[in-house]
Amino acid sequence: MEVPERRSLIEIGKTPINPLVFWGVITLTLLVVLALIINTAGVTNGIHWLLVVPIVAYLLIMGFFIGYTHKLQKERDRLMVEKIREEEVKIGEVKKLNHELEAYAKQLFDKDFELSLANKRLQSLEQAKSKFVSVTTHQLRTPLAAIKWTFHMILGGNMGPITADQKNFLQKGYDSAERMITIINDLLNVDYIEADRSDYNFTAVDLIKLSEGILFEFTNPAESKKIKLDLIKSVDGLPTVAADPIKIGMVLENLVDNAIKYTPVGGRVTIHLSDARINSARSSLEVIVSDGGIGIPAAERDKIFHRFFRGSNAVRLEPNGTGLGLFIARDIIEKHGGDIWFESKEGAGTNFHFTLPVFRGSETKTP
Amino acid sequence: MDKTNETEKQKHVLIVEDDEFLRSLTAKRLEKEGYRIDVAVDGENAISLLETIKPDIVLLDLLLPGKDGFEVLKNIRASATVKTVPVVIFSNLGQKEDIQKANALGVEDFLIKANFTLDDVVSKINKLVGK
């Protein structure tokens, strides 16, 4: 960047005529004039010459001093110009920095703008998704309600008497409709499951009882695939855990349901309860749900807990899954202050592990 | 007791439901309990029926063609004749916002169809109209 005022200062520093030459010329001119005066006056005595000598000497000394001063001045000017140049370079640098800063600021502003745009897009996507879930579940729940009510009316004898056998079958139909409704409710709840910790009701839960109840629920689907269901306790007298029984029931249901779904006919599914207090600083119990199923492909292990994600081999085997079970399970376990993980071998089986803190009284309300 | 007398004593339920099968099932079940039933298939239908029949209770679906259940509910609460009629929402919508919205407008109960049976609905209505 040019600085006009500074440039003019540099010009001032440069004197156009060398003073040594200037004074030399003046001295010589004076000498010539004196010589002429002396000649014309015809004065020839020594007094006049004696006057001329100091004048000439004076003029010469003056010339010399002025020349010397000028030299010093020139040096000073040179230094000054140099300083000014340095300053100008610095000013240039500052200006450059300023520009860079401005550019960065603009970039920051642009990024901020982009981010807020992306955020808005995400929010509207989230809203669209919520709306989609809400409408879809409504459309699914309506025909399911019709099925459920019909079964219920016939079961209740409102449509005339039925035999015990008929009642048995109708009850299974009713239960299936109920199960489907539960799944849809889950799908609807998944939005809230993430957000609402306050909905959790932590009490002392007996995992043995809870697991037995869950396995009992799955007696029919297991029988139809000739899968053996087992509950193994590694030690007797397991303590209770601090948990919301409905939520943990949901986790176990999801894990056992998956295990049965993806284990071939004649296989085995086990819930293993053990005391994890021995090898952990935190007082907790460990639950392992093991199957002899299709396993989780190594490349998909990172994604298995993601919402709506389903293993590629699982999709091939069972096209009608939601990909929400493990997502919900992890969310619930984490809200209990526990961990969930798995080990798996494709084609051989999977073990899902989770831990829950041991119940110690009311202080476990918010783990 | 003659027939006219009996009809007069019968409590009157207006069912607002667009799904034909659900509507007929509900009507059938409530008739069996001795209620007098009128049905509306959409919001407009419900609003015009309300003023003429003045029911004792309204069973109201939310997702309806044209004017939805919330509109009908607003209409009821702004009306001179049926302002205080008890309304039970009977819908498959059931997000927190829907429930809050309905409660703000004034409803006796909010039932999600799939989560209840018709027996539950009957006992709810019995309780509300003092049968």
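Which residue stands opposite I15(B) in β3(B)? In this predicted model, local features need pLDDT of at least 70 and side-chain atom pairs count only at pLDDT 80 or more, while totals for chains, interfaces and linings use all residues. Residues are numbered from 1 along each chain as its sequence is written, chains are lettered from A and ligands numbered from 1 in the order in which they are written, and side-chain values use heavy atoms, with hydrogens and water left out.

**View 1. Pairing of β1 and β3 in chain B.** The residue opposite I15(B) is L59(B) in β3(B). Strands are DSSP runs (E, at least two residues) and helices likewise (H or I, at least four), numbered from the N terminus. Strand β1 (residues 12-16) and strand β3 (residues 57-60) of chain B pair in the parallel sense over four bridges; two strands pair if DSSP finds at least two bridges between them.

**View 2. The open sheet of chain B.** Five strands, in the order β2-β1-β3-β4-β5, form this open sheet with parallel pairing. Its edge strands are β2 (36-40) and β5 (109-112) of chain B, each pairing on one side only. From one strand to the next, the twist averages 20°.

**View 3. Packing of α2 against α6 in chain B.** The axes of helix α2 (residues 20-32) and helix α6 (residues 118-129) of chain B come within 10 Å and cross at roughly 55°. That angle makes α2(B) oblique to α6(B). Angles under 35 degrees count as roughly parallel, over 145 as roughly antiparallel, 65 to 115 as roughly perpendicular and the rest as oblique. Axes are lines fitted to C-alpha atoms, for helices over the stretch in contact, and angles run from 0 to 180 degrees between N-to-C directions. The contact (heavy atoms within 4.5 Å) involves L25(B), T26(B), R29(B) and L30(B) of α2(B), together with L118(B), D119(B), V122(B) and I125(B) of α6(B).

**View 4. The open sheet of chain A.** Five strands in the order β2-β4-β5-β7-β6 form an open sheet of mixed pairing in chain A. β2 (228-233) and β6 (340-345) of chain A stand at the edges with a single partner strand each, so one side of each is left without a neighbour in the sheet. The twist averages 15° from one strand to the next. β2(A) pairs with strand β4 (residues 268-275) of chain A in the parallel sense over six bridges, and the bridge partner of I232(A) in β4(A) is H272(A).

**View 5. Helices across the sheet of chain A.** Helix α5 (residues 207-217) of chain A lies across β2, β4, β5 (284-291) and β7 (349-357) of chain A, at about 180° to β2(A). Helix α7 (residues 245-261) of chain A lies across β2, β4, β5 and β7 of chain A, running at about 25° to β5(A).
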